[in-house]
2 protein chains.
Amino acid sequence: MKVEAIDLFFLQVPDFDPLRDPVKDTLLVRVRAGQYVGWGECEAAPLVSLMAFVTPDSHSTCRSVSASILGQRLEDPSDIARITSLVQQGCANLLQMPHAFSGVEMALWDLLGKKRQEPVYRLFGDAAVFGKQPYVVVPFGTTPIETFTRIHKLHGRGIHAVKVGWGGFGHGDLKSDREQLSAAKEALGQNGRLFIDAAQVWKDDPAAANQYVPMLKEFAIEWLEEPFDPTALDAYATLSRTYGRHQIAAGENIHSVAEAKRLLSKSGIGIIQIDCGRVGGIGAAREIAGFAAHQNLGYVNHTYTSHLSLSASLHAFSNLPQFELCEYPMDETSLSWKICQDHLLLDSAGLVNVFDLPGLGVRMDIEAVRHYTQDLEISLSGKPVYRTPPLEDVS
Amino acid sequence: MKVEAIDLFFLQVPDFDPLRDPVKDTLLVRVRAGQYVGWGECEAAPLVSLMAFVTPDSHSTCRSVSASILGQRLEDPSDIARITSLVQQGCANLLQMPHAFSGVEMALWDLLGKKRQEPVYRLFGDAAVFGKQPYVVVPFGTTPIETFTRIHKLHGRGIHAVKVGWGGFGHGDLKSDREQLSAAKEALGQNGRLFIDAAQVWKDDPAAANQYVPMLKEFAIEWLEEPFDPTALDAYATLSRTYGRHQIAAGENIHSVAEAKRLLSKSGIGIIQIDCGRVGGIGAAREIAGFAAHQNLGYVNHTYTSHLSLSASLHAFSNLPQFELCEYPMDETSLSWKICQDHLLLDSAGLVNVFDLPGLGVRMDIEAVRHYTQDLEISLSGKPVYRTPPLEDVS
């Protein structure tokens, strides 16, 4: 069979309120080939990625993403590798490509799995997969009590690992930051696991980060994420010497395998966090996970979108038991949660497992997708370049 | 004054023929502040960059490019640095940003120069500027005679430096490749200077490149451009040891200062080629040129677009006399040539100089811009997000 259509849906919360809604928008990708349909999701900047699919070709290294995919043979995994390579060549001068392609790559795996009646990990040849302990992202509350309450609620739902951050953390008020961490730790209880996202608060200043090291040790923080700007490699190296490489994490913005390998090889970062919807899809994420394993470094997914994306992320590293955590979106009020019918729920041991179902194993909730889908029209010289496709004929 | 408007124009050759037209399309940016207007040009993928300006904001590190520019104070050069920093923060997850921002950055300098009645290089504090010897890009002909004829014609117009490439060069037929170089050298005459763009023909194989080294030396090729894929850093390092670092050039696809510094520091590349319309504008290009000078390495512009872009490129390194070459687009039949009223023509010594005029010193040919401008409409939920703005009120 051949790739016959790439349909794009721009979804947006109609009356978005940043205080209420954790996610504002997304770009869903539906691929059709033969009698099959596959779904994927792109992070971030939905409309810019959408335009990367539908733009007329510019010069020979600046073609649309679709141009290298539509009409291509899709029978086995090597076809997806070949399509990836075609897209990389045709879009060498289209910066948005990795974000746009990630969603279609997921959809190609989903579709091929459905055709072969196999979960995606099997298409990669994995004999066994391993459950991951979920950690949930929790912004600090405005008070320690609010932080406690947020985490305690999750604890009651079986979540024993939490990543905290933001809310002014790291700006130098050590007393107040200590109270926040203390509240978080208390809410998690005895076996709780705590991580911090520093959200680049110390820019390029390792001394500012260093003064927090005793506190990080006191609360047994398992990793510190993005203490510095992504380009502050010297600061990363310095902190790595005092704090330990295996407790420094970064990488969510990475959008190529080469960039990820460089980050793991040339910096003081010990855990790489890869967003499957940004890095180029499951194949790219998987190559990075394999590289991290080979270097005895850490790997974890970065997922702030739907359980379709979460499923794609897990198929990239469920074969590697040493990477035993996963970032786990569980906000049931979000657009991201609602657009899926199926969610990767915790098993009896509190772990998250890939579905043993064809493809990614997640059915979209078409009514919810319809609810959020926006009417978009792009026309050039009076001719339509893009118009939101109908959802009705979806299987 | 404040930045009041960013107007975007998508230009396309109406009946594009790749055999006839060297350029298919472009994105022009017009910025307005107070009574002033500035112009800039983005490379590449015009519609994708256009969408990066007009998209509604997604999350906090994924805002539109415009959101961080419109309404900002624009009185002196530090405002442009501040705006650049705001855009980098607001668009940390908008991959297309550097290509989109490059054009508006040029336009901000153009506008500020017009207000101050000073050329852009003076806004950077340069006391003196130096002319550059132009080299022109010439694809090999299908026969050595055709190559000779193409270059001989340029020679008659005062061009004594040429960069050749493509047409199957480097695929292993050394005899035929030798004949092509011989024809090029003959057409250029005694003081001719010859460069080769290998267009990544040897992928990651230094041995394939190495067999060409005797020929490159025989014809005194001054540099070999992009012998390998951009990620094949080991191949670059190997060739660098046999052929010499100062004769290996690359970098046209670079889109950040950090990436450029890394390429110059960690690879076997001795000459960096920077496209001002891709790298983030004049400020970014200038920082890279300064870094290259400091490391005793080479710098040259990559310009395949209009003389507006050429002017912007030159303001980034005209202060540095050691970088004595410039890539020079001179195809008068191209869209790129026609959209400008003013062109940077060769002086009596055969050199190209920046205009000593306010801003970038290049007036757009509004009739030509109108001829190529396409009607584009983007609407979301029935409301217009973008519509090609009128050209009439341009100054």
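Reader: Where does Ala209(A) lie in the chain?

Author: Ala209(A) belongs to helix α7 of chain A; helices are DSSP runs of H or I with at least four residues, strands are E runs of at least two, and both are numbered from the N terminus. You are looking at a predicted model, where local features need pLDDT of at least 70, side-chain atom pairs count only at pLDDT 80 or more, and totals for chains, interfaces and linings use all residues. Residues are numbered from 1 along each chain as its sequence is written, chains are lettered from A and ligands numbered from 1 in the order in which they are written, and side-chain values use heavy atoms, leaving out hydrogens and water.

Reader: Is Ala209(A) buried or exposed, and which residues does Ala209(A) touch?

Author: The scale is relative accessible area: under 20% is buried, over 50% is exposed, and in between is partly exposed (1.4 Å probe, protein chains only). Ala209(A) has a value of 0%, so it is buried. Contact means heavy atoms within 4.5 Å. On that basis, and setting aside residues up to four places away in sequence, Ala209(A) touches Trp202(A), Phe228(A) and Leu239(A). Gly172(A) is 37 residues away along the chain, with 9.3 Å between its C-alpha and that of Ala209(A).

Reader: How is Leu233(A) classed?

Author: Leu233(A) has 32% relative accessibility and so counts as partly exposed. Leu233(A) is part of helix α9 (residues 233–243) of chain A.

Reader: How do I read a helix's span, say for α3 of chain A?

Author: Compare the end-to-end distance with the expected span, 1.5 Å times one less than the number of residues. Helix α3 (residues 97–116) of chain A has 20 residues and reaches 28 Å from first C-alpha to last, close to the expected 28 Å. Of its 20 residues, 17 are buried, so α3(A) is largely enclosed by the rest of the structure. Next comes Gln117(A), with a positive phi near 60°.

Reader: And how do I read two helices that pack together, such as α1 and α3 of chain B: at what angle do they cross?

Author: Two packed helices are described by the angle between their axes and the distance between the axes. Axes are lines fitted to C-alpha atoms, for helices over the stretch in contact, with angles from 0 to 180 degrees between N-to-C directions. Helix α1 (residues 46–54) and helix α3 (residues 97–116) of chain B have axes that come within 8 Å and cross at roughly 80°. That makes α1(B) and α3(B) roughly perpendicular; the classes are under 35 degrees for roughly parallel, over 145 for roughly antiparallel, 65 to 115 for roughly perpendicular, and oblique for the rest. Ser49(B), Ala52(B) and Phe53(B) of α1(B) meet His99(B), Ala100(B) and Val104(B) of α3(B).

Reader: What does Ala100(B) touch?

Author: Apart from residues up to four places away in sequence, Ala100(B) touches Cys42(B), Ser49(B), Ala52(B), Phe53(B) and Val65(B). The C-alpha atoms of Ala100(B) and Ser49(B) are 4.7 Å apart, although 51 residues separate them in sequence. Ala100(B) has 0% relative accessibility and therefore counts as buried.

Reader: Which residues does a cis peptide bond join in chain A?

Author: Most residues other than glycine have a negative phi, and most peptide bonds are trans. In chain A, Glu43(A) and Ala44(A) are joined by a cis bond with omega about 0°. Ala44(A) is in the loop between β3 (36–42) and α1 (46–54). Chain B also has a cis bond, between Glu43(B) and Ala44(B). As for phi, Asn296(A) has a positive value near 55°. Asn296(A) lies in the loop between α11 (282–294) and β10 (298–301) of chain A, and at 63% relative accessibility it counts as exposed.
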